[in-house]
Amino acid sequence: MRQAKKLKASYCDIRIGRYRNQNVMVRISPVPGSEKPNEVPVIVDRDSFGFGVRVIVDGAWGFAASSVVTSEEIARITAEAVTVARASATLNSTPVVLAPAKAYKERWTSRFEQNPFDVPIAGKLTLLLDAAREVKAGRKIFGSAGWLRFDSTDKYFASSEGASIQQLIVQTNAVLLANAVDIANRLSRIRNYTPPPLSAGYEYVAAMNWKENALRIREEVVEHLQAPPVKPGRKDLVLLPSNLSLTIHESIGHSTELDRALGFEANRAGTSFLTVDKRGRERVGSGIVSLYGDRITPRGLATAAFDDDGVKTTKFPIVSKGIFVGYQTTREQAHLIGEKESRGCSYADSWSSVPFQRMPNVSLEPGQSETTLVDLIAGVDDGILIDGRGSYSIDQQRYNFQFGGDAFYEIRGGKQRGMLSRVAYQSRTPDFWLSCDGIAGPAYWQLYGLLNDGKGEPPQSNAMSHGCSPARFRQVNVVLTD
Amino acid sequence: MLNRQEAQRIVEKAVKLSTFPEFAISIDWSEATSVRFANNAVTTSGFTVSRSATIACAREGREGRYETDDLTDEGLRAAVRRAEEIAESAHPDPEHMAPLGPQQYADRENWSERTAAARPPRMIREIQAIVDSAGRAKLVAAGFFRAQASCSAIASKAGLFGYCRSTDSGLSTTLRNPQGSSSGWSSRQAVDIAELSGAALGEIAADKCLRWNKPVRLEPGKYTVVLEPAAVAGLLGPLAVPLNARLAEEGRSFLSRKGGGTLLGEKLFSGLVTLRSDPFDRRFPTLLWDTDGLPASPVTWVEKGVVKNLHCTRYWAAKTGKPATAFPRTIVMEGGGARSADLIRSVDRGLLVTRFFYIRVVNPQTVQVTGVTRDGLFLIEKGEVTGPVVNFRFNESPVRMLANVRQLGQAERADGESGTTAVHMIVPSLVVDQFTMSSVSDAV
């Protein structure tokens with residue numbers, strides 16, 4: 001702070017962070033000429049520690065970072081950040097304006113009971129091996145794999161405005177995978193069990209019902225391998241939270257980022273069909289569709305007490321009864337749309353990355369309390385129930401998308417039937433959400449999430465959750481994939 | 001930046017700290033400068049020094065890996081201890097391969113002092129030229145300029161040591177009209193930052209943006225397409241993983257033969273298609289070894305349409321009696337002599353594609369991918385570009401694309417989708433028949 005002040009910075013902040021990541025994996029693969037498959041463990045532990053300094057000089061941002069955390073290096077890197085800012089200021093005619101923020105002095109820890117980094121690796125490997133063996137023991141199973149991932153972020157933030165905040169966030173994620181192969185017909189299919197990734201400790205791993213799910217997916221992958229291809233055309237869809245969460249993310253989550261709407265992401269991620277003039281008036285969904293952004297939902301992957309601008313996090317409406325009403329913002333963006341405070345959406349994925357506007361948790365409000373999943377299915381004559389994530393792609397303004405899934409079940413005459421294969425659905429964001437005519441009640445609401453959402457240049461990764469209940473969409477274009 | 005002697009000193013220290021019979025370490029060190037701009041002004045820019053060590057140790061097939069940023073004596077000691085603790089917890093890995101001993105790496109270095117020394121004040125001059133191009137055309141510029149100097153070292157207890165350093169840089173820009181109804185893009189990457197011209201890129205992006213005015217909506221369907229190099233690079237990227245021997249032999253790749261075996265040696269693509277890896281090409285950052293530490297060497301994957309080689313890990317090679325072959329971290333597709341205008345002239349009715357976006361694999365086995373066109377899609381009629389077209393979503397496989405190649409343009413280094421692809425590419429423009437556009441994409 002002293003160095004920044006000496007070099008005439010009008011604002012300075014520093015983040016000092018330790019980022020830990022542990023991946024424990026087991027893969028079971030057949031070996032040519034052997035009855036006994038290979039059981040391959042892979043364990044990678046990472047620890048990254050460093051700091052990043054942001055300054056505003058002559059109205060422009062500068063940033064520099066280093067992994068050598070000493071007083072001398074911090075002073076040197078602060079001077080580098082000032083050099084960067086001065087260079088940027090030569091091209092900029094509009095100075096950065098930060099919305100007011102209270103200077104908090106707090107510590108906060110995400111909710112967990114057992115820090116996964118304190119749990120011995122041997123136990124994690126045994127758990128994965130047992131589950132992967134259970135899958136591999138299934139009829140016609142080619143291979144299996146299990147994966148545990150743990151992340152811990154311990155970050156300290158201080159600003160020239162007097163903020164001093166330390167936060168510890170722990171996240172847990174798991175996947176169990178079954179692979180079936182039909183060599184005669186050159187077909188390979190996969191079925192996953194992916195519990196929602198959450199801000200949680202190792203206690204969550206114990207609650208994942210590994211055996212039950214191993215037995216389930218080893219049967220379902222074989223059904224998927226033998227499932228008939230879908231007959232393409234307009235169909236009604238019932239999407240489970242494991243699938244709908246990603247659709248929410250791509251179609252509504254990204255289109256309501258203010259930096260995209262204002263052109264700041266034009267060169268890579270793109271812009272948004274929800275331009276500023278549409279706020280408060282554009283219908284993007286049916287009257288039962290309401291979505292909100294937040295960084296306060298317990299267990300959410302984007303949940304924190306403060307964002308990387310030092311702003312206290314909050315909950316805010318994004319779509320209200322089908323109308324687009326609010327953007328995700330940071331301190332420097334709020335004034336650009338006439339708002340007085342930030343929505344707390346500033347985030348950097350490492351000490352070495354520049355904080356910028358990233359997606360919070362974005363969730364769909366549940367439907368009427370009495371609506372069940374069975375009710376949604378009962379209202380479909382010709383449709384598909386989709387579970388899990390598959391391939392996903394959406395255009396640079398978040399209109400046209402195509403999503404797959406992990407398992408597809410035919411719905412015929414109001415009943416769920418057998419599995420289908422080679423399914424993807426295509427739509428346009430407002431058309432899709434306008435076709436939503438049923439959302440199951442709060443009892444069905446689940447918090448799914450993403451660990452690796454990419455944005456920015458150089459690219460950064462972000463994790464966030466998307467809560468929803470199963471929902472029904474009418475007459476969506478279903479395509480036959482390879 | 002870490003020099004060879006300093007790198008050697010660090011790795012020797014780490015080797016001495018290790019108590020396990022097998023020990024390998026790699027060090028990556030980089031100094032990266034970037035300037036990001038949008039709405040004709042700089043937004044975020046920065047300078048980052050990153051250094052990390054990856055330590056792998058093993059005893060009786062039990063492996064542990066640990067990555068750290070802390071290269072001090074204390075940091076290395078803790079990292080080695082942690083890697084060994086992990087290994088002690090692990091089960092034996094039946095696919096474990098011991099670290100390599102001494103290897104002969106090529107004496108090559110693609111390095112530019114200008115790139116290594118580049119900082120925002122120098123880089124902003126090129127961005128100013130782009131903003132000027134935008135201003136003259138009444139457009140709005142966004143983009144990204146990066147420059148990086150990096151070095152890597154690799155070593156093992158068995159006597160392996162390698163060191164290399166390289167530079168790389170890239171400049172890309174998107175110019176849009178203020179109404180947001182038109183967009184144009186251009187991009188270039190180079191080892192020597194002096195090869196990047198903001199003025200030249202700004203002119204190309206402005207021209208694309210101005211020409212993409214009042215696009216027509218065409219029906220989805222199969223089209224003959226002229227793919228510019230960035231579009232080709234985007235589609236070839238997903239092909240790197242499936243060119244794997246194990247996947248093919250296990251029946252999980254497009255190169256698996258129905259009923260068993262592989263399609264190695266078969267002609268699957270147009271006779272115009274030759275795909276190689278060339279880690280020594282002067283246009284790429286230096287890559288002297290592959291992920292296993294084997295010396296990088298040129299490999300021909302496809303020659304005149306025939307599949308010639310598959311990449312193969314050391315384990316699978318030992319198991320099946322094949323040579324170990326490195327993963328393709330570079331792809332060079334041989335080009336022809338035709339200029340862009342010649343390719344367009346050869347098309348009676350088709351589409352000219354600037355680039356693709358959000359490319360994702362739909363079916364790993366057939367390598368069917370989906371994505372959308374972006375920043376300049378034009379109709380070609382009777383050998384002439386006649387006007388802009390509303391964007392499309394496509395569902396297509398690079399396997400089919402390479403089978404349907406009709407003509408090659410001149411090859412150049414090109415971005416994939418994001419400019420950050422791990423696979424560096426030199427690819428030509430292509431004329432491809434029967435390319436599947438599956439729906440209209442209204443995005444600009």
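Q: Let's start with H4(B) and H5(B): is their crossing left-handed or right-handed?
A: Right-handed, that's how H4(B) and H5(B) cross. Keep in mind that this is a predicted model.

Q: How far apart are the axes of those two, and at what angle do they pack?
A: The axes are 7 Å apart, and the packing angle is about 30°. H4 covers residues 120-136 of chain B and H5 covers residues 198-211 of chain B.

Q: What does that make them, roughly parallel or roughly antiparallel?
A: Roughly parallel. Angles under 35 degrees count as that, so H4(B) and H5(B) qualify.

Q: Which residues make the contact?
A: From H4(B) you have B:Glu126, B:Ile127, B:Ala129, B:Ile130, B:Ser133 and B:Ala134. H5(B) brings B:Gly198, B:Ala199, B:Leu201, B:Gly202, B:Glu203 and B:Ala206.

Q: And how do they split by class?
A: The contact of H4(B) with H5(B) has 7 nonpolar, 3 polar and 2 charged residues.

Q: Ok, what about H2(A) and H4(B), how do their axes cross?
A: The axes of H2(A) and H4(B) cross at roughly 25° and come within 9 Å. That makes H2(A) roughly parallel to H4(B). The crossing of this pair is right-handed.

Q: Which residues touch there?
A: On H2(A), the contact uses A:Val84, A:Ala87 and A:Ser88. On H4(B), B:Pro120, B:Pro121 and B:Ile124 take part. By class, the contact of H2(A) with H4(B) counts 5 nonpolar residues, 1 polar and no charged ones.

Q: Zooming out, how many residues does each chain put into the contact?
A: Chain A gives 68 residues and chain B gives 80 residues.

Q: New topic. How is chain B divided?
A: Chain B has domain 1 (4-210) and domain 2 (214-444). Taken over C-alpha atoms, the centres of domain 1 and domain 2 of chain B are separated by 24 Å.

Q: How many residues of each are in contact?
A: In chain B, 30 residues of domain 1 are in contact with 21 residues of domain 2. On the domain 1 side, the elements giving two or more residues are strands S5 (161-176) and S6 (183-190) of chain B.

Q: Let's hop to chain A. Which strands pair with S24(A)?
A: S8 (residues 233-239) is one of them, pairing with S24 (residues 471-480) in the antiparallel sense over 6 bridges. S20 (residues 423-428) joins S24(A) through 4 bridges, running antiparallel. S21 (residues 436-439) is antiparallel to S24(A) too, over 3 bridges.

Q: Which residues sit opposite each other there?
A: Among them, A:Arg234 has A:Asn477 as its bridge partner. A:Val423 stands opposite A:Leu480, and A:Ile439 has A:Ala471 as its bridge partner.

Q: What about the open sheet of 4 strands in chain A, what's its order?
A: S11-S10-S9-S14, with antiparallel pairing. The edge strands are S11 (323-324) and S14 (361-364) of chain A, each pairing on one side only.

Q: How many bridges link S9 and S10?
A: There are 4 bridges between S9 (residues 291-294) and S10 (residues 315-320) of chain A. In one of the facing pairs, A:Asp294 has A:Lys315 in S10(A) as its bridge partner.

Q: Last one: which strands does H6 lie across?
A: H6 of chain A (residues 241-253) lies across S9, S10 and S14 of chain A. The helix runs at about 105° to S14(A).

Terms used: Residues numbered from 1 in each chain as written. Chains lettered and ligands numbered in written order. Predicted model: local features only at pLDDT ≥ 70, side-chain atom pairs only at ≥ 80, totals over all residues. Pairing = 2+ DSSP bridges. Contact = placed C-beta atoms within 7 Å. Axes fitted to C-alpha atoms, helices over the stretch in contact; angles between N-to-C directions. Parallel < 35°, antiparallel > 145°, perpendicular 65-115°, else oblique. Left-handed = near helix turned anticlockwise from the far one by under 90°. Nonpolar A, V, L, I, M, F, W, Y, C, P; charged D, E, K, R; others polar. Domains from an automatic or database assignment.
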